[in-house]
Amino acid sequence: MTPSATTKTRHRIGLTQELIVFVVAVLLFLYFSVALNGFLSPENILNLIRNVAMLGMLSLGMAVVVIGRGVDLSLVAVMAVSLTLSIVLANQGYAFSTALALGLAFAVAVAVVMGFLIAYVEIPAIFATLAVSAIVYGLGRGVIASLDVNNIPDNLHWFLFLGRGAVLGIPMPIWLFAICSAALYLFLRKTGLGRFIYGIGDNISTARITGIPVRPIIILQYVISSAMAFLAGCATAASVASMNMRMVNSTLIYDVLLVVILGGIGLTGGRGGVRNILVGTILIGLLLNGMTILNISYTVQNLLKSTVLLLALVIDALLNPRDEQTSQQGDI
Amino acid sequence: MTPIVELKAATKDFRGNPAFLDVDFQLLPGEIHALLGENGAGKSTLTKVIAGVYPLSSGKLFINGREERLGTPAEGLAKGIAMVYQENSLVPSMTVAQNIYLGKEKPLNRLRGIYISAQQFLQSLNFHVDPSAVVGSLGAAQKQMVEIARAVHHKAKVIIFDEPTATLTPEEKSYFFKLIKKLKEEGVSIIFISHALEEALLVADRITILRDGRLVASDKASAFDRQKIIQAMVGRTRTDEIYSGASRTRAPRPRGPKVLSVENLSMGNMVRNTSFSLYAGQVTGIFGLVGSGRTETLKVVSGVLKRDFFHGGEVKIDGQPKRYLVPAPAVRDGVVYVTEERKAEGFFETMSIAENIYMGHLGGQPYGGLSIISMRQARSLAEDWRKRLNIRAIDPNAKVIELSGGNQQKVVIAKALVQKPKLVIFDEPTRGVDVGAIAEIHAFINQLADQGIAIAVISSYLPEILTLSDRILIARQGKIVEEMDRRNATEESIMYAAVH
Ligand SMILES: Nc1ncnc2c1ncn2[C@@H]1O[C@H](COP(=O)(O)OP(=O)(O)OP(=O)(O)O)[C@@H](O)[C@H]1O
Ligand SMILES: [Mg+2]
């Protein structure tokens, strides 16, 4: 197909894909409410909300990077280790707000190093972030803390409120997710920097010639995703009063990719936005929760998820060929 | 004779807007058929339908007298129809030889083997391209040669060339025309699209002209002359003045202050110790054959190509020494480069005309990233530039990739000029632009120079250099070797300087 032809189909399907995902999510919710015992129980709804909020915040971070034609596989490691750092510091006697600030600074520093490797040293994002992820986890387990699970010191009610409290009857994690979504929506849609990220994702050479400071903005993308990882970590730690680094070895990062791709943000970059993340998060969050209640074993869950991820990737590759040039190979 | 390809009452529309309408078209076996028309007339779309890229919206397509419905270019190729697209479709990371054999690889390819046979094949076409070079490193003209070689290599019965000569030098053009005549003798039918009317009159057996998506004339080439073609293309008699370089008689503009001076600049083996200057309020034409390093030199000047540290030379803008590592600071200093490769680095394909121009605006602001987007400003900028450059789209919200080639070119120009530069480097500014629009763009460039902007125009097309320039620089082997005054330059003297 020619570029023009694909752009067109892409445009149409982009819209409908969002809609389809949303409709499927609603149907799934209705189905689970009726068919699953305990789905609507207060504990489960709380659990669902907590997971959805964390998944959603991580996915927002991933979305920013993917729109700029990168990928950030270090999100989960950064989330777990930066929060662990804060907790460990707090347990050593630092004020918790100072400890949090240092945790955030750690996350940002990691992002700057990673962004530098990608933008200036020109290492492909997938390898750079994977390597950094391993290093960060190594630091976490080897240097920062000796245990996987670290508990938040007692009496931090204001912090726990972020995970367990509610305002206007709506749980705090949902507020956090909503605020982050709104902020990123405005950032991507309404600021020059946001537009530049789309430009870089669309065509990095054009962006360069147009005078866009491409490399600093690539670093900025990773700073934003790491900061989102840190916030997601806050929401999680606040709701269970601890941080578990074993999360790094879970399949969470694949769930995040699943949200981004299924939500309709093509890996080709330059497309999609916060709305795609909202529908993707709801669908995947529901699916994960439902499978847990159905008592589907962890292994089978992973099998199902990876199959869906693979399908989503294949569909994405068909709809948004990574490179027009290669997609034209058949032309001549 | 049954036509090898025939369209009957054919229409193709995009979202209800017809790109061409109710067209009856015939391609006879073994003929060279020129397809002409203004930008956006529907030429590319018509030929893409024949090549199988798009299905028809209504009407019928016959190949060898049999009705066909092609869904993909691969199906077209299976029926013996190959197309060289207006925008190149090579894989930049592969070598020339690999691109030529793309899709025809044997399970086990001997790399050396394909280099040798590619070398022989390219030589037989008289194309001077190194088969082991990576395509991404080639200039536009050489890429075009690889494209053509690839189509010929497929041994198609019908080959469609969409503006094949736009990037070629006169010498390469004459090889190309010899090549298609040879193909014709071998029984291949050829459609070629061009904005150079003389070419069409010279090589075509028959000529078909489209206007606003309708077929307005189709006849033997001998039935046409330049005047008739233009009349059919634009549908009204225009004074021939804008088409025939009348401005050549205008006195050259005097030099303004020196905006750019380049001294002993070197980079790799494309730029070799070159020195020259550009002045405000003047158009400086830069001519050179492929490989003369004109594009590379000016890309280094504008920061698009990075100079490595051990290569010396000095670039001064307004007397200040500058060494741009990336284009961003150059753009902010008012130096913009308008690329010759619009698809690779000219526009943002997922964005509309307005968004593209607005990106240019933001990129040109000192802290453009920190500004708040105003869609109203974007729309009014777009409206302004749409009028100034006469950018035509059947749908104003269309993405740039959906525009016709010539209109994409205008968007690229608008996106650069919205940055209010003081030095503009146009690299092949009228590539793929129709005769009328060439005149418009030339008039526009002249206006810019009259406003005191320094302008460099790189062009392989001598008449363009001669009509536009106040002053002509000639590049050869990585160096500016000669400067000429427009008044005593002729096509012959320029060519002589470029070759010897
Ligand atoms: N994929 C597409 N989607 C929407 N509109 C399109 C698409 N392709 C072409 N068009 C529109 O169809 C019209 C004809 O375009 P086409 O590319 O055929 O023109 P052309 O004659 O080749 O012009 P040029 O000389 O500038 O290359 C244009 O108005 C263009 O915007
Ligand atoms: Mg065209």
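Student: What makes up the lining of the second largest cavity, by class?

Tutor: In this predicted model, that lining divides into 6 nonpolar, 4 polar and 2 charged residues. Val336(B), Val338(B) and Val412(B) are among the lining residues, and Val counts as nonpolar.

Student: How do you know how many cavities to list, and what is the volume of the largest?

Tutor: With a cut-off of 30 Å³ or more, the structure holds 3 cavities.

Student: What makes a residue part of the lining of the largest cavity, and which element gives the most?

Tutor: A lining residue has an atom within 4 Å of a cavity point. Residues including Val49(B), Tyr54(B), Leu61(B) and Arg69(B) line the largest cavity. Strand S4 (58–63) and strand S5 (66–68) of chain B each supply at least two residues, and S4(B) gives the most, with 3 residues. By class, this lining has 6 nonpolar, 1 polar and 4 charged residues.

Student: Glu68(B) is in that lining. Why is its pairing with Lys79(B) called a salt bridge?

Tutor: The closest N and O atoms of Glu68(B) and Lys79(B) are 3.9 Å apart. The limit is 4 Å, so the pair qualifies. Glu68(B) lies in strand S5 of chain B and Lys79(B) in the loop between H2 and S6, so the pair ties together parts that are 11 residues apart in sequence. Over all chains, the count comes to 27 salt bridges.

Student: How many salt bridges cross the interface of chain B and chain A, and what makes them count?

Tutor: The rule finds 1 there. Arg195(A) pairs with Glu355(B), with the closest N and O atoms 3.3 Å apart. That is within 4 Å, so the pair is called a salt bridge.

Student: Which element gives the most to the side of chain B that touches chain A?

Tutor: H12(B) does, with 6 residues. By class, that side of chain B has 32 nonpolar, 14 polar and 11 charged residues.

Student: How do you know how many residues are in contact, and what area is buried?

Tutor: Contact means heavy atoms within 4.5 Å, and by that test 57 residues of chain B are in contact with 41 residues of chain A. The area buried between the chains is about 4000 Å², with carbon and sulfur atoms giving 59%. In chain B, Phe348(B), Thr350(B) and Ile373(B) lose the most area to chain A, together 12% of what that side buries.

Conventions. Residues are numbered from 1 along each chain as its sequence is written. Chains are lettered from A and ligands numbered from 1 in the order in which they are written. This is a predicted model: local features need pLDDT of at least 70, side-chain atom pairs count only at pLDDT 80 or more; totals for chains, interfaces and linings use all residues. Side-chain values use heavy atoms; hydrogens and water are left out. Buried area is the accessible area (1.4 Å probe) that two parts lose on being put together, summed over both. A salt bridge is a side-chain nitrogen of Lys or Arg within 4 Å of a carboxyl oxygen of Asp or Glu. Helices (H or I, at least four residues) and strands (E, at least two) are DSSP runs, numbered from the N terminus. On a 1 Å grid over the protein atoms alone, a cavity is a set of points where a 1.4 Å probe fits but cannot get out, and a pocket is an open set with protein on both sides within 12 Å along at least five of seven lines; lining residues have an atom within 4 Å of a point. Grid points are joined across faces, edges and corners, and a volume is the space filled by probe spheres set on the points.
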